[in-house]
Amino acid sequence: MADQKAILKAGDKEIELPILSGTAGQDVIDIRALGKHGYFTYDPGFLATGSCESSITFIDGAEGVLLHRGFPIDELARDANYLEVCHMLLHGDAPNKEEYEEFENTIKRHTMVHEQIHMFFHGFRNDAHPMAMLNGTVGAMSSFYHSDLDVSNFDMRVRCAHRLIAKMPTLVAMCYKYNIGQPFVYPRNDLSYAANFLNMMFSVPAEDYKISPAVERAMDRIFTLHADHEQNASTSTVRLAGSSGANPYACIAAGVASLWGPAHGGANEACLNMLEEIGSVDRIPEFINRAKDKNDPFRLMGFGHRVYKNHDPRATVMRESCHEVLKELNVQDPLLDVAMELERIALEDPYFAEKKLFPNVDFYSGIVLKAIGIPTNMFTCIFALSRTVGWISHWHEMMSDPAQKIGRPRQLYTGHNQRKYTPIK
């Protein structure tokens, strides 16, 4: 915290506002007292507004930095697994061996969902969008845990967090199986978190499913690299819903709904759709020229990032897994050929370097998911699965703060002033 103050001149008033400093990043002007002076701020999209105080994740977009509890994301993706990162985000620090084993066993004990949840799926059309089913079933989980919904109780909050982290892979796999008409596959606690998810997605009762170590590693990295991303739209949605005291399952369902928007969670799906539009390697120059033309509405999806003005720190690690998976699986797919040629051009063309349009994590994760055999309409569900730990960690952090209040944004009103109503008769 700093002793500096900002002076706001508003008409003939001078208003002093404290300037606060965190451990990293920009200082912030504390405007909480501004309303007493007859003013509030106007910031559509919250582009310059800090909505909370948090110790979970730090992003420096200009420098390409992403830290979880102080640990760089590339180190975590290479040297830790997803459940280690889950423990770190939820409980505040990297676990030691005993803490990790206890946490892993706890998650494994919660992987099954109540049998009656199977019935929820049968209420959906078989061609329902997976995100619609996921949104409904996550919210419905609150109806199974009546005695564990006291959000002021620390232990109950942690139990809810464990359940959500454990059951999301099961629910996401059920969404996929229901879409394609195959029987649901029960979780296996002898497998790793990523391997268990792959088994529930792709195994069938008629034959064994062999899990590729490269695919398992890539899946774990996808989970890790999407685990949290600070105060984005869906995380802010979870926090705002939670500020009213809503139960955690309802809050995570709200996060799923926010993530469903194509401007947020659909980035890797949009990347695959772009590759399909290009269609073949020989058409790439045409689309590269279109991307360079300011008057052409075409945009290269999966290149550059709204937050990172340099390299996306997650992309380098995901690129390694992407090439590892493509080499091991030897997938013959024209779209993957298009993707690899696009990557080559983007890394060599001076235009891309000048504009800092480097391939981002969504570009590589989309390619990996397609190579594994996951359909594009499931991509956002997998994003939601990964991000659940971030959502629930932020929710838990907020509910642990004695100063937290219900969210109540203000507005700049531009409607009618007060006027008299004339009865219609």
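Of the 425 residues of the protein chain, 48% count as buried, where buried means under 20% relative accessible area, exposed over 50% and partly exposed in between, with a 1.4 Å probe and protein chains only. This is a predicted model, in which local features need pLDDT of at least 70 and side-chain atom pairs count only at pLDDT 80 or more, while totals for chains, interfaces and linings use all residues. Residues are numbered from 1 along each chain as its sequence is written, and side-chain values use heavy atoms, with hydrogens and water left out.

**Overall dimensions and surface**

- Along the principal axes, the C-alpha atoms fill a box of roughly 75 × 65 × 60 Å.
- Among contacts with a separation of 6 or more, 71% come from residues 24 or more positions apart (contact: heavy atoms within 4.5 Å).
- The protein chain exposes about 21,900 Å², and carbon and sulfur atoms supply 51% of it (Shrake-Rupley method, 1.4 Å probe; for residues, only the protein chains shown count as cover).
- The mean positions of the 42 positive and 53 negative charges are 8 Å apart.
- For these charges, Lys and Arg count as positive and Asp and Glu as negative, without His and the chain ends; the places are NZ of Lys, CZ of Arg, CG of Asp or CD of Glu.

**Secondary structure**

- The protein chain has 17 helices and 6 strands, taken as DSSP runs numbered from the N terminus (helices: H or I, at least four residues; strands: E, at least two).
- Two strands pair if DSSP finds at least two bridges between them.

**Sheet 1-2-3**

- This open sheet of 3 strands has antiparallel pairing, and its edge strands, strand 1 (5-10) and strand 3 (28-29), each pair on one side only.
- Strand 1 and strand 2 (residues 13-20) run antiparallel and are joined by 6 bridges.
- Opposite Lys5 stands Pro18 in strand 2.

**Sheet 4-5-6**

- Here, too, 3 strands form an open sheet with antiparallel pairing.
- Strand 4 (57-60) and strand 6 (71-72) each have a single partner strand, so one side of each is left without a neighbour in the sheet.
- Strand 4 is joined to strand 5 (residues 65-68) by 4 bridges; Phe58 stands opposite Leu67, and Asp60 has Val65 as bridge partner.
- In a regular strand the side chains alternate between the two faces of the sheet.
- On strand 4, Thr57 and Ile59 form the covered face, and Phe58 and Asp60 the uncovered one.
- The hairpin of strand 4 and strand 5 has 4 residues between the strands, and Gly64 takes a positive phi near 70° in this hairpin.
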